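This report describes one protein chain, from its overall make-up to single residues. The sequence and structure come first.

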Amino acid sequence: MAAEVLSAAGFEVHLFDAMPTVGRKLLLAGIGGLNLTHAEPLPAFKARYGARAADCGRWLDVFGPQALRDWAAGLGIDTFVGSSQRVFPRDMKAAPLLRAWLQRLRHPASGVPVRFHMRQRWSGHLQPLAPAAPQQTPSTPPTTPTTPTTPTTPQSAHAAPPGYCLHLQGPQGQTEVHARAVLLALGGASWPRLGSDGAWMPWLAQHGVALQPLRPSNCGFDVAVGTRLGWSAHLQQRFAGAALKGVLLRFTDANGQAFERRGECVLTQTGLEGSLIYAASAQLRDAIETAGRVRIALDLKPDWSRSRLQAELERERSGQSLGTLLRKRLGLPPAQVALLHEVLPPEQRHDPAHVAATLQNLPIDLVAPRPIAEAISSAGGVALERLNDALMLQPLPGVFCAGEMLDWEAPTGGYLLTACMASGRVAGLGLAAWLQAQPTSASTCAPTAAASQTAEQPPPNITGDIAALG
């Protein structure tokens, strides 16, 4: 997204990606249907970003949910709003959108084509080319996406370097890149097989960039039942992977705030995951970090009154076991019956009042989030307090950051993808304004010898306006 803004503004962009092809994480997100964004009103949309709602809200003011749908339409991709208010491409697929986008980046109607260089992994080397006199630095990007080249009012001064030298490693060996400015979009630490492995953290720390530890977000959790870690062997073998549909989740977070939401979660070999758990994952993770564990309660029959439940359980059993009674009279699926047996001691299973109360307040202790490599997304990364409003690193003038490598998080439902796109837009606008404020800036730059080549692999040395690393 940043490259698109810069290309349209007339800058020569070289985009380096560690993967063999572009957009693999976008394609992964599209498995089962690409959830582009969400149709809820913008104030509620912004609130989904929790402690970072103000910061992410500024990005969304530049490029929000409707702007994302309009952008997709400009690529020939129609969208629709599903029953859950989630927004999808009409054909539900990510590949057509990605193909149209890359075609436009490589062959824009106006602007400079973006150059893609694949299988190129950054080594962490980021060396200023030479010192220069201080220059006024725009700290706020333009808020109108249609005018990306308009400089903003300077608010701070930095020594503006003429550029940076970077080293990248690829199949043909090391490439040295000289760029007037750099944009990093290196991802968090979830899905390391797609390149988001967090290896950049110590590299930026060496340059004085303030970082927050990377933590799992939108993740599953391990459970404890009494003094035992994990489920019983019976539940693991018979019901791992089973969905708990229409249940109500309740708990109190580390700040004493009550959480209550209805949805669906899934039993795993070690605990719980699924959309209902993901929606609360940030609060659950933080509560575990504070107290070592957090107790949640699941209401397995939220549509029934306690008196109705108890009355059904008090009726004559006619020799039926509790499990059979729960399945036939209450309509509980086998997985939920097994879950009740998991937490309810045998001596309490003959008391209808106690069984009814447990069905609507089934206690489960969560003791640890699943490893970050299993998470859908990650929290932590570059502290937003050390970036200006244009997403430029304060310790490194001319180096911008965007996407999941920044310290923010959001639930699934289109919020992650929308804010990633918006941050790229903001960084691209800010980078264009910053370059135009430099003494040697120009609205259009002549292609270098590297830019005239047709191969997607870089030569030993590349010089250009912007190096975008993903």
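## Overall make-up

In the protein chain, residues 24 or more positions apart account for 74% of the contacts with a separation of 6 or more. The model is predicted. The chain has 470 residues, of which 53% count as buried. Its secondary structure comprises 15 helices and 21 strands.

## Nonpolar cores

The largest nonpolar core holds 83 residues. Those with the most contacts inside this core are Trp 59, Trp 71, Leu 184, Val 382 and Leu 406. Helix H15, residues 415–436, gives the most to the core, with 13 residues. Another core lies apart from it and has 47 residues, among them Leu 244, Val 247, Ala 287 and Leu 332.

Val 382 belongs to the group with the most contacts inside the largest core. Leaving out residues up to four places away in sequence, Val 382 touches Trp 200, Leu 204, Val 209, Ala 210, Leu 211, Leu 387, Leu 393, Cys 401, Met 405, Leu 406 and Asp 407.

## Asp 407

Asp 407 sits in the loop between strand E20 (399–401) and H15. Is Asp 407 buried or exposed? Its relative accessibility is 15%, and the cut-off for buried is under 20%, so Asp 407 counts as buried.

Apart from neighbours within four places in sequence, Asp 407 is in contact with Arg 52, Gln 212 and Leu 384, and also with the run Ala 379, Gly 380, Gly 381, Val 382 and Ala 383. Glu 385 is 22 residues from Asp 407 along the chain, and the C-alpha atoms of the two are separated by 9.5 Å.

## Two helices with a buried face

Helix H5 covers residues 65–74, and its buried residues include Pro 65, Leu 68, Arg 69, Trp 71 and Ala 72. Viewed down the axis of H5, the buried residues fall within an arc of 160°, so they line one face of the helix. An α-helix has 3.6 residues a turn, so residues three or four places apart point the same way. After H5 comes Gly 76, which has a positive phi, near 85°.

In helix H14 (residues 352–359), Val 355, Ala 356, Thr 358 and Leu 359 are the buried residues. Their arc, seen down the axis of H14, is within 165°, so these residues also line one face of their helix. What do the buried residues of H14 pack against? They pack against strands E17 (294–299) and E18 (362–369), and against helices H11 (306–314), H12 (322–329) and H13 (334–343).

## Pro 41

Pro 41 is in the loop between strand E2 (37–38) and H3. With a relative accessibility of 58%, Pro 41 counts as exposed. Pro 41 and Pro 65 are 24 residues apart in sequence, and their C-alpha atoms are 9.4 Å apart in space.

## The second largest pocket

The second largest pocket contains about 670 Å³ of space. It is lined by 32 residues, and the closest to its centre are Gly 50, Ala 51, Ala 282, Gln 283 and Glu 409. The elements that give two or more residues to the lining are helices H3 (42–47), H9 (275–279) and H10 (281–291), together with strands E11 (211–217), E15 (258–267) and E19 (377–382).

H10 supplies the largest share of the lining, five residues. By type, the lining residues of this pocket divide into 14 nonpolar, nine polar and nine charged.

Notes: Residues numbered from 1 in each chain as written. Predicted model: local features only at pLDDT ≥ 70, side-chain atom pairs only at ≥ 80, totals over all residues. Heavy atoms only, no water. 1 Å grid on protein atoms, 1.4 Å probe; cavity = no way out; pocket = protein on both sides within 12 Å on 5 of 7 lines; lining within 4 Å. Points joined across faces, edges and corners; volume = space filled by probe spheres on them. Helix = DSSP H or I, 4+ residues; strand = E, 2+ residues; numbered from the N terminus. Nonpolar A, V, L, I, M, F, W, Y, C, P; charged D, E, K, R; others polar. Buried < 20%, exposed > 50% of the residue type's maximum accessible area, 1.4 Å probe, protein only. Arc of directions from axis to C-beta. Core = buried A, V, L, I, M, F, W, Y, C linked by side-chain atoms within 4.5 Å. Contact = heavy atoms within 4.5 Å.
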